[in-house]
Structure formats: C-alpha cells, structure tokens
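Trainee: I'd like to go through the charged side chains here before we turn to anything else. Can we take a look together?

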Amino acid sequence: SRKTARRAPLRSRSCRSASLARARVRAMSMEEAKQFLRAEPADGGPSLYDHLSQTLLKVIIERPADANQFFEEISAAVRTEATKTVPPPADEGAEEAVSASKAAQLKWVDTQAAMFVESTEEAPEVTFPDLYREAAMWKWAGIGFGDDENYRLYLALKALAVSKETGVRFWGKIITRGGDYYVAETKSNDEDFAEIDPNAMEGAMGPNKYTYFVTKGTGEAWTQLPHVTSKQIVVARQIKRFLTGDLTAPVCSYPPFPGGTEANLLRAQIAQITADCVLSLKGLVQADEDSEEKNVVPVEEEEQAVDGELGELSTWVHAEIDIMPHGRCQALPEKDEDEEGGDDEPAVEYPDPKEPCGEIGEDVVEESGKQLWILRTCPGGAGVGPKSAVYAKSMKWPGAIAVAVGKKVTNVYVGFGLAAAAKPQTYSPPMPAKINPEWGFPVEEEEEPQLLTEEADVTVAPPKEEEEEDE
C-alpha cells in the first residue's frame, strides 16, 4: 500500500507533463513545427528536418526488408555520408611542389638501391667494421645514427672496402653547415710518399699513416682527402672555423691556411683528432721496439690481457703517436753536410716526441691541471656488472669517445671538428687606433727661428724753404 502511495504522485506528474506536451503540440501550427525541425544545429551540420528527409528517402529507395528494426543504422549511415568533407580543388603550385619532393625522394631511393644489389662477382678478402656491434656500444655513450642508417653505413663501408681492396674503419661524422661528412679510414701505402719532401710532409709513420675518404650520404661516391702537411697542422691549430660542407670551398683565415681549400682543413683536423683521441687499453697495444721510429703496434692476440680496471684512467692509453707542436710525429730528418746552404741556416730545436702508449691520465690542462678525459660506466650505480661498458669522453675534442667492453675497444667521433678552448674566452673588441694628426706642409729643413725686432723711429726734418728776397 505504501509503494502504491509513493508511485501515485510519480504517475500523476508524468501524466501532467504528457498532457502539457500534447497541449503545446495542439497549439503549435504546422509551419511552426517545420521551422523548429529546420533549425540549424550549433555544430553547423544538417538540420533534423533534412536528416529525417534523407533517411526516409534512403528507406524508400533501398526498401530494406525490416526498415523499422534497422532505422538507427540507416540514420547513422546517412549522417556519416553527410559529414564527409569534399577535398578542396587542387592547386597547380602545390602539385608542382609535391612532384618536386617526390622526385627528390625517388632520386634518393635510386642512390640507395644500388647498395642493396647483391654482387655476383667474387669479392676480395677485406675487413670492414661490424657496425651493428659497435653502434650498440656507442649508444651507451649517447651516440647513435638509427638502425636504418647503421645498415646503410655498413653497406657503404663494405662497398668502399671492396672497391679499394683494403680494410676500412668507420672514423666518424663531421657536422657542417651544409650537410655532414661521413669519414672512413684506410691504411696508407708507402708508394704514395715516394716522391715527397720529407721536411714538408711526413709519410706513413706520421699524420699520413691513414688515408681518409668522405661522403655526404650513404649511397653517394666516396671522395679521397689529400694528405696533410706539417704547416697545415700548425696553422689549423691557430684558427677556428665551421666547415661549410663543400670540399672545394676556400678557407679565408689569418694566418693564411696552406692549401686553401676545405678539404685540406678537414684533413688537418682529422689528423689532430686521430692523434689525440684514438684510445686502447693497457695490455692490448705496445710500443714498437723493433723500429727506430715511434710507433704503436697491437700485442699478439694470445698474449693480450687488460692490465687494470676499465674504470681507471691509468688503464686507458693512446693508440696513436702524438703530433708535436711543429706538426710532426717523428723528428726531422738530419740534413747532409754536403747539402748547399746547410751551414748557413740556424739550427732549430724541436721538442722531443711523447712516448708511445701514454696514459690518458697524463693529459691535463697546463694552467689548471684539469683532466682532459672523463670515464663513465654503463649501466652505472646498482646496475654495474662484469659486462658493463665503460666509455672515455674527451673534453678537448667534444664528440670524441672510446667505448670498451672486455677486450673490445671502439673509437668514434661525431662533432664539428673544433677543439675546445683550454680556458673560457670572451670576445673583447679591439681598441680604436690612435687619431692621426692634422695634415700640414712638410718641413724640409729645420731653421733657427728669427726674432723680429721693431726698428727705431727715424725722424727727418722737413727741408727749409728759401726766403724770398723782398728787398
């Protein structure tokens, strides 16, 4: 009885609202009803009147078997068709831009496709880097090119090794203002230095120990860089210049750069980075005691053993000969006594070269004593394990790293090819030149100044007039 009593007010309210709605409908005329149904919605779509008209028209045309049951689906289909946007008319300028971009993409695809064609000829036995394994080690140091680019680089280095029939190492990447350089490294031949002046350019036992090739992108041709001279290295250390990406671009600098082109400057920078930043581990390389010249050779594979912990600076050593201030790795050749003019030239004393396989812990800034290398273990902290990677990062050449896992060591450089300053430098504009004096007539001879004195006044009596004789 209580439930019935509670439901009674609800029923009475619903009946009242229904009666009010019927009363409003009776009071509304047909035109007012159409006007209400044709009111435009806020979202800008079709009105309810148009939607119902299109829905009923679709039912009449298609005549579905059970239109009443599928009326909602038919209404949704009509609404979907009505909301479809018509694409704007094509612009001729846009079509040209799209076609140009597609042409550039197709051109790039053509250059890359040649590397993926398997050669039917027998390839010579050459060594090329295991780029996937090395790239996985570089990731610990924050350097990566992506899986796709790594594979294309691998194919490009393999093609270079096969064409030159020599081993190839991926040296790194130089960032420029107009496209980056990928750099590959190969061993130099002694035949290339048979007719050079040993005083001007060192051979295979100096900065020209390796020959370098560069390319602007995978699939493009490799360009061999010229060998570097001692003067080019000396001047390159005195200038700072961002590379343009054009090997033939002139190098405008002071002091004037010998060679004059960006290819020579790039080669000089690569020589310095290689000498300063290619590292190995103590026990994997050693000084060549059989040679009279300074050189670093690998230890026999059976005798290789890392001497020390990877996380200590004393374990890491330089794997290349240092370049001295005068741009050479070895001492200058002695001149013959019979050589003309040899006794007249003054003897220049050059510093002795550094000992091979020097520890990187000895590389410090002279003024502050700050270390030029830092070591990081990856993963670090609680994740350190026996297989953890350790990388050495150069503070002198930002972008140069060496990563070691066990006995495996890999070196790579990715940067602008510029060395960091030993101490922070701020630009101070030069002081203005001294003001020139005003122009005057040149004095030929210095004469003694003449003193001007005023002459004494001279008084002269007037002449006497002759007296006229009146008598």
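Trainee: How many salt bridges does a search of the whole structure find?
Mentor: This is a predicted model, and a search of the whole structure finds ten salt bridges.

Trainee: Which residue forms a salt bridge with lysine 282, and how far apart are the closest N and O atoms?
Mentor: Lysine 282 pairs with glutamate 359, and their closest N and O atoms are 2.7 Å apart. The pair connects distant parts of the chain, 77 residues apart, with glutamate 359 in the loop between β8 and β9 (373–378) and lysine 282 in the loop between β5 (279–281) and β6 (285–287).

Trainee: And what does glutamate 355 pair with?
Mentor: Glutamate 355 forms a salt bridge with lysine 294, where the closest N and O atoms are 3.3 Å apart. Here too the link is between distant parts of the chain, 61 residues apart, since glutamate 355 is in the loop between β8 and β9, while lysine 294 is in the loop between β6 and β7.

Trainee: Is glutamate 355 buried or exposed?
Mentor: Glutamate 355 is exposed at a relative accessible area of 57%, whereas lysine 294, at 25%, counts as partly exposed.

Trainee: Switching topic, which residues form the negative surface patch?
Mentor: That patch is formed by Glu300, Glu301, Glu302 and Glu303. Glutamate 300 is placed in the loop between β7 (296–298) and β8 (316–318).

Note on methods
Residues are numbered from 1 along each chain as its sequence is written. This is a predicted model: local features need pLDDT of at least 70, side-chain atom pairs count only at pLDDT 80 or more; totals for chains, interfaces and linings use all residues. Side-chain values use heavy atoms; hydrogens and water are left out. Patches are made of residues with over 30% relative accessible area and no salt bridge: like charges are joined within 9 Å, nonpolar side chains (Val, Leu, Ile, Met, Phe, Trp, Tyr) within 5 Å. Accessible areas come from the Shrake-Rupley method with a 1.4 Å probe; for residues, only the protein chains shown count as cover. A salt bridge is a side-chain nitrogen of Lys or Arg within 4 Å of a carboxyl oxygen of Asp or Glu. Lys and Arg count as positive and Asp and Glu as negative; His and the chain ends are not counted. The place of a charge is taken as NZ of Lys, CZ of Arg, CG of Asp or CD of Glu. Helices (H or I, at least four residues) and strands (E, at least two) are DSSP runs, numbered from the N terminus. Buried means under 20% relative accessible area, exposed over 50%, partly exposed in between (1.4 Å probe, protein chains only).
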